[in-house]
Amino acid sequence: MTGAARTTRAAAIAAALLATSALAAPVTDADRALGRAVVTELVAIPTVKGNGQVPTLIAAIEKRLKAAGFVDADIMRVPVSVDGEATAGLVVRLAGRGKAKPIALLGHMDVVGAVPGSWDTDPFKPVEKDGYLYARGASDNKAGVSALVTTFIRLKREKWVPSRDLLLVFSGDEETGMQTTKALVKHPLVATAEYALNSDAGGGSMEADGSNPVFAIQSAEKTFATFRIVASNKGGHSSAPRPDNAIFDAADAIQAVRTLRFPAAFNEITGPMVESLAARSPGAFGSALKTLLANPQDEAARAVAERNPESALMWTTCVPTMLAGGNAPNALPQTADVTVNCRILPGTSIESVQQTLQAAVDKGVPGDAKPKVTLDTAGTASPVSPVRPELFAAIRRAVHANYPGAPAEPAMSSGGTDGREFRSQGIPTYGAGSLAMVRVIDSRAHGANERLLLKSFDKELVFWDTLLRDLGS
Ligand SMILES: [Zn+2]
């Protein structure tokens, strides 16, 4: 494209945008009150695994959607039985006028449990205090679900018809197994989605006074695999020790894991992430990152970079997390068992990590009875979702509607969202939540006294309104 063509095109986009925003009804105080009522209602429903409450939560959402004009045919439950519990996913269609593939808008309706006694208030009786809503799920992810539901209600009442179908796609067990997610991805409407935007990933952080907001567009995830390394031995009496010994073998296997290095690798998401991390990191860490970007094999730079856990986005990691062995204080051990947890870069298979671990153990443990590496549990591996300049520009415009000029850059997260199930089935997925939390002090998802900064939540209505009108017109 020539510079002139680019300018003409930018002008056309700007004009189209102006036209859309002129038509759009602004988010009002009544809308914000509705959003807060929805999130307060949803956090009070304890959708922890085993409680059977996801269908109750779906009923609450359905009631509000129907009151706004959604018909039964556009509200689709996807029932799934998980460990004997009847749960479900939910798909809601805001019907479009065109034939372009739909856009899926993701959230999850379940929450993790709360440790009794660790909260200052009842986690399922929402309390509003000092501008925060305190409740389990307030931030993860009922804020996202509520902002999307409220936006759909507003758009429906306004009789706004998008150019293509927009789908709410809410899972019912994201925190525990993603069986509902797997079922949702196969739903005939959802399976045709061009891409998905996940309210449960991405997001922002800022200082307590609201300054320096920074946003991420999650475009890739690491996956995980947990392996067991088991050393076996015929055992015997501890008064007659031999060189072969299961615990010594396990110790050598641990040493092999300690020195094992998976290669540094950069993809189109993590390359720019490391560049910007290097630019804002002073001292030895920053210069080690710059060296690694130029030469991923530089061992000295790697040794420096590894002291900072943020470096883990450059490589697959494996670390021992549990240890068991021996059968009596006066017996030679018959087994020793090391648990190793790995966080695996997109594009690296779980099998290849297992093979690499086994090869390292075989090399590091002397003798013929090599400990065996077996896979215990693993997440779904997913590819990187490609950078989409037009979509990312739309996400930035929506972020800037609330936070002018704030950076919003693609990012890889260390794993654990519905996005990986969508990506693994060929639907590119982007964490596009823009909920801005106060850095460090508001990071309470899964922990005690989880809370939602209400003035940031209010802004989510503007974010989704701007983004959906932009993408759907
Ligand atoms: Zn979540």
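Helix packing and a buried loop residue

Q: What do the buried residues of H8 pack against?
A: They pack against helix H7 (270-280) and helix H9 (299-305). Contact means C-beta atoms, placed from the backbone, within 7 Å. Helices are DSSP runs of H or I, at least four residues, numbered from the N terminus. The model is predicted: local features need pLDDT of at least 70, side-chain atom pairs count only at pLDDT 80 or more, and totals for chains, interfaces and linings use all residues. Residues are numbered from 1 along each chain as its sequence is written.

Q: What puts the buried residues on the same side of H8?
A: The buried residues are Ala288, Leu289 and Leu292. They cover an arc of only 100° around the axis, so they share the same side of H8. The arc is taken from the directions from the helix axis to the C-beta atoms. Gly283 and Ala294, on the other side, are exposed.

Q: Why is Isoleucine 269 called buried?
A: A residue is buried with 20 or more other C-beta atoms within 10 Å of its own, exposed with 12 or fewer, and partly exposed in between. Isoleucine 269 has 21, so it is buried. Isoleucine 269 sits in the loop between helix H6 (246-259) and H7.

Q: Why is H2 called roughly perpendicular to H13?
A: Helix H2 (residues 29-43) and helix H13 (residues 454-471) pack at about 115°, axes 10 Å apart. Therefore H2 is roughly perpendicular to H13. Angles under 35 degrees count as roughly parallel, over 145 as roughly antiparallel, 65 to 115 as roughly perpendicular and the rest as oblique.

Terms used:
Helix = DSSP H or I, 4+ residues; strand = E, 2+ residues; numbered from the N terminus. Contact = placed C-beta atoms within 7 Å. Axes fitted to C-alpha atoms, helices over the stretch in contact; angles between N-to-C directions.
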